[in-house]
Amino acid sequence: MSVQVRHTEHVPEWKIKEVEDLVERIQSSPVVGLVGLTDIPAKQLQDLRAELRDDASIKMVRNNIARRAIEKCSGDVLPLADGIKAQTAFIFTDVNPFKLYKMLEEKKQPMPIKAGGKAPTDIVIEKGETSFSPGPMVGKLQSAGIPAAIKSGKVVINETKVVAEEGETVSSQLAEVLATMEIFPRKVGLELLAVYEGGLVFRPEDLTIDVGSILSKMSTASAQALGLALEIGYATPTTIAPLLQRAASKARNLVLECAIPVPSMMEALLAKAAADASVLTNLVEGGSAE
């Protein structure tokens, strides 16, 4: 990692002041991140800033000023500069990086994909009837590589098809059709590029966590651990109650099986003896044991 900063013979006073203010904010904020602003409409960006006001503050600065400010901070912050891209802003918050990433992802909005854009994921058109009436739309669908036909007065997609694989360039015909069908493959919002907390710089790939899957695995592991502890008789505050219940049940079964005259079990022993005697009586008299 290297931080490249261009130095000129004379640095305007306003730049020096802005760098100093940034350094102070970086050093005083528990969590400092860099977010990408590419392709975010001005209105959406304004709305996002308003929505995040209670949780985070966004500061837009020139890239060279951002690099200068990071360079003047302690060494463990320096890797943060690798996240600076074309349109980048600082985000200052108390929210931990994992929650911040999740929060920003949830606030992204679906947007149409433009001609020449790269498919963010596989774009799939599902088989079935559409809301379009017969007309030019059939030709547009077919020119975009979508198998379409007219059936019962409706435009129908004949088969489910991947019209653009992840990373593939979207043609103008396909972009037009997707917009018409209100299929918006892109999600636009603040893109968390890097975030610093407690001496560590996290990348987006470090923060992508499937919470549902992790909770499911933890639940399974907990159940298995409890089963093992009960099986081997390992006493803990959690297992002591079921262990005592299991021991009590086994003790009762042993008393009944061996006819041990325990005072608290006499009623059950007598009932078992009476049942056994009834069975023997039936057998002696030539009846069945049932």
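1. The second largest pocket is lined by Phe-98, Tyr-101, Lys-102, Glu-105, Leu-207, Thr-208, Ile-209 and Val-211. A pocket here is an open set of points on a 1 Å grid over the protein atoms alone, with protein on both sides within 12 Å along at least five of seven lines, and its lining residues have an atom within 4 Å of a point. The model is a predicted one: local features need pLDDT of at least 70, side-chain atom pairs count only at pLDDT 80 or more, and totals for chains, interfaces and linings use all residues. Residues are numbered from 1 along each chain as its sequence is written, and side-chain values use heavy atoms, with hydrogens and water left out.

2. The volume of this second largest pocket is about 190 Å³. A volume is the space filled by probe spheres set on the grid points, which are joined across faces, edges and corners. Helix H4 (residues 97-106) gives the most to the lining, with four residues. Helices (H or I, at least four residues) and strands (E, at least two) are DSSP runs, numbered from the N terminus. By class, the lining has five nonpolar, one polar and two charged residues. In this scheme Ala, Val, Leu, Ile, Met, Phe, Trp, Tyr, Cys and Pro are nonpolar, Asp, Glu, Lys and Arg are charged, and the others, Gly among them, are polar.

3. Phe-98, Ile-209, Val-211, Ile-214, Leu-215 and Met-218 make a nonpolar patch of about 540 Å². Patches are made of residues with over 30% relative accessible area and no salt bridge; like charges are joined within 9 Å, and nonpolar side chains (Val, Leu, Ile, Met, Phe, Trp, Tyr) within 5 Å. The accessible areas come from the Shrake-Rupley method with a 1.4 Å probe, and for residues only the protein chains shown count as cover. Helix H8 (residues 211-232) gives the most to the patch, with four residues. Val-211 lies in helix H8. Val-211 counts as partly exposed because its relative accessibility is 42%; buried means under 20% relative accessible area, exposed over 50%, and partly exposed in between (1.4 Å probe, protein chains only).

4. Which residues line the largest pocket? They are Gly-36, Leu-37, Thr-38, Asp-39, Lys-85, Gln-87, Arg-186, Lys-187, Val-188, Gly-189, Glu-191 and Leu-193. Two elements, strand S10 (186-188) and strand S11 (191-197), each give two or more residues to this lining. The largest share, three residues, comes from S10. The space in this pocket is about 310 Å³. Its lining divides into three nonpolar, four polar and five charged residues.

5. The structure also has one cavity of 30 Å³ or more. A cavity is a set of grid points where a 1.4 Å probe fits but cannot get out. The largest cavity holds about 30 Å³ of space. Leu-34, Val-61, Asn-63, Ala-66, Ile-84, Thr-88, Ala-89 and Phe-90 form its lining. Helix H3 (63-71) and strand S3 (88-93) are the elements that give two or more residues to it, and the largest share, three residues, comes from S3. The lining of the largest cavity has six nonpolar, two polar and no charged residues.

6. Turning to charged pairs, the whole structure has 11 salt bridges. A salt bridge is a side-chain nitrogen of Lys or Arg within 4 Å of a carboxyl oxygen of Asp or Glu. Glu-51 and Lys-107 form one of them, with their closest N and O atoms 3.4 Å apart. This pair links distant parts of the chain, 56 residues apart: Glu-51 is in helix H2 (residues 42-51), and Lys-107 is in the loop between H4 and strand S4 (109-111). Glu-51 is partly exposed at 42% relative accessibility, and Lys-107 is partly exposed at 24%.

7. Lys-102, from the lining of the second largest pocket, forms a salt bridge with Glu-106, the closest N and O atoms being 2.6 Å apart. These two are four residues apart in helix H4, so about one helical turn separates them. Glu-106 is exposed, at 56% relative accessibility, whereas Lys-102 is partly exposed, at 43%.

8. Glu-105, also from the lining of the second largest pocket, meets Lys-108 in a salt bridge (2.8 Å, N to O). Glu-105 is partly exposed at 28% relative accessible area. Lys-108 counts as buried because its relative accessibility is 11%. Glu-105, Lys-108 and Glu-191 are linked in a network of salt bridges. Glu-191 is one of the residues lining the largest pocket.
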